[in-house]
Amino acid sequence: LMSNTLGAGKSNGFENQIYILKSAKLMSRVVELGNFNVGYFKMGSFIETEQNKNSPVQYSFTSKSNSQINTENDINLEITLSGEQSFIIKSLLINNNPITLPNSTIAWGQPIDTPIGSIILALKENADISKLAGQMRIIHSTVDYTARTLVDALNITSSVQQKDALLISLKGKNPKKLEDVLNILINEYNILMKENDSQGILSTISFLDERIEGLELELKEMESSFINYRKNNALFDPESQSQIAMKSSQGYKEKLS
């Protein structure tokens, strides 16, 4: 990440940028945008392979208003694919507690009612039902927990070869997913910086507008006092001098603008 993108040219500037890049708030935005708190795993005989965007299944969850989700792996769902219009729920854990469902065979797109909310598993448009087979695990964690986990795996250092650059790396088992996380992180960082810059500009404009209004009032008061003084001392013609005063006021306003 180059310093001209970061807006930092000194070591303390880099420290500020690293602090922001490793903040849980920024990473939470990344997790929500990339839906990284939901993991799709293809289960083999010995290992589980994370599918990420290659998963043929799309998971969605709608929580109940009074539900409490606060553990590391909030929902752990294991299903069996049989190449049909339905799937079989092999196990369902919520906050590490097993949940018993009235029916284990569920049609694609059919809501699954749980104590904390409703789960829906649907097939993606390009999924071939006839080729779906085997077992699959879906893990749904909280955004906060996922963000903290990613921040812990994030490493940011200054480049030795290039003094105006930062080296950012992320440790994990799925390189493509990690690449997506980093791309969204940098993009959201740039958006956040632009938002802050824009807010600073708006604050400055607002301050200048208020200052100009205050100066206009002060000018009007001084001009009124000046006119009254000269009028009371018979020093000028009020009508002609008032026109000069108005022009002067407009000139001041233009200079302030």
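# A tour of the predicted chain

Of the 257 residues in this chain, 33% count as buried. The model is predicted. Keep the whole chain on screen for a moment. It has six helices and twelve strands. The exposed surface comes to about 16400 Å². Carbon and sulfur atoms supply 51% of that surface. Now think about contacts between residues at least 6 apart in sequence: 61% of them join residues at least 24 apart.

**Stop 1: helices H3 and H4**

Select residues 24–34, which form helix H3, and residues 143–152, which form helix H4. How far apart are the axes of H3 and H4? They lie 8 Å apart, and the two helices pack at an angle of about 115 degrees. H3 is therefore roughly perpendicular to H4.

Next, show side chains at the contact. From H3, pick Ala24, Met27, Ser28, Val31 and Glu32. From H4, pick Val143, Asp144, Thr146, Ala147, Leu150 and Val151. Seven are nonpolar, two are polar and two are charged.

Stay on H3. Which residues of H3 are buried? They are Leu26, Met27, Ser28, Val30 and Val31. Met27, Ser28 and Val31 are buried, and these three residues also belong to the contact with H4.

**Stop 2: asparagine 35**

Step just past the end of H3 to asparagine 35, where phi is positive, about 55 degrees. This residue is not a glycine. Asparagine 35 sits in the loop between H3 and strand S1, which spans 38–43.

**Stop 3: asparagine 96**

Jump to asparagine 96. Here too phi is positive in a residue other than glycine, with a value near 70 degrees. Asparagine 96 is in the loop between strand S5 (86–94) and strand S6 (97–98). With a relative accessible area of 55%, asparagine 96 is exposed.

**Stop 4: isoleucine 99**

Move along to isoleucine 99. It lies in the loop between S6 and strand S7, residues 105–107. Isoleucine 99 is partly exposed, because its relative accessible area is 22% and the buried class takes only values under 20%.

What does isoleucine 99 touch, beyond residues up to four places away in sequence? Select Leu92, Ile94 and Pro115. Now draw a distance from isoleucine 99 to proline 115, C-alpha to C-alpha. The two residues are 16 apart along the chain, and the separation is 8.6 Å.

**Stop 5: threonine 62**

Finish at threonine 62, in strand S3, residues 57–63. Threonine 62 is exposed, with a relative accessible area of 55%. Set aside its neighbours within four places in sequence, and threonine 62 is in contact with Ile116, Gly117 and Ser118.

Draw one more distance, from threonine 62 to isoleucine 119. How many residues apart in sequence are they? They are 57 residues apart in sequence, while their C-alpha atoms are 6.7 Å apart in space.

Methods
Residues are numbered from 1 along each chain as its sequence is written. This is a predicted model: local features need pLDDT of at least 70, side-chain atom pairs count only at pLDDT 80 or more; totals for chains, interfaces and linings use all residues. Side-chain values use heavy atoms; hydrogens and water are left out. Axes are lines fitted to C-alpha atoms, for helices over the stretch in contact, and angles run from 0 to 180 degrees between N-to-C directions. Helices (H or I, at least four residues) and strands (E, at least two) are DSSP runs, numbered from the N terminus. Angles under 35 degrees count as roughly parallel, over 145 as roughly antiparallel, 65 to 115 as roughly perpendicular and the rest as oblique. Contact means heavy atoms within 4.5 Å. Ala, Val, Leu, Ile, Met, Phe, Trp, Tyr, Cys and Pro count as nonpolar, Asp, Glu, Lys and Arg as charged, and the others, Gly among them, as polar. Buried means under 20% relative accessible area, exposed over 50%, partly exposed in between (1.4 Å probe, protein chains only). Accessible areas come from the Shrake-Rupley method with a 1.4 Å probe; for residues, only the protein chains shown count as cover.
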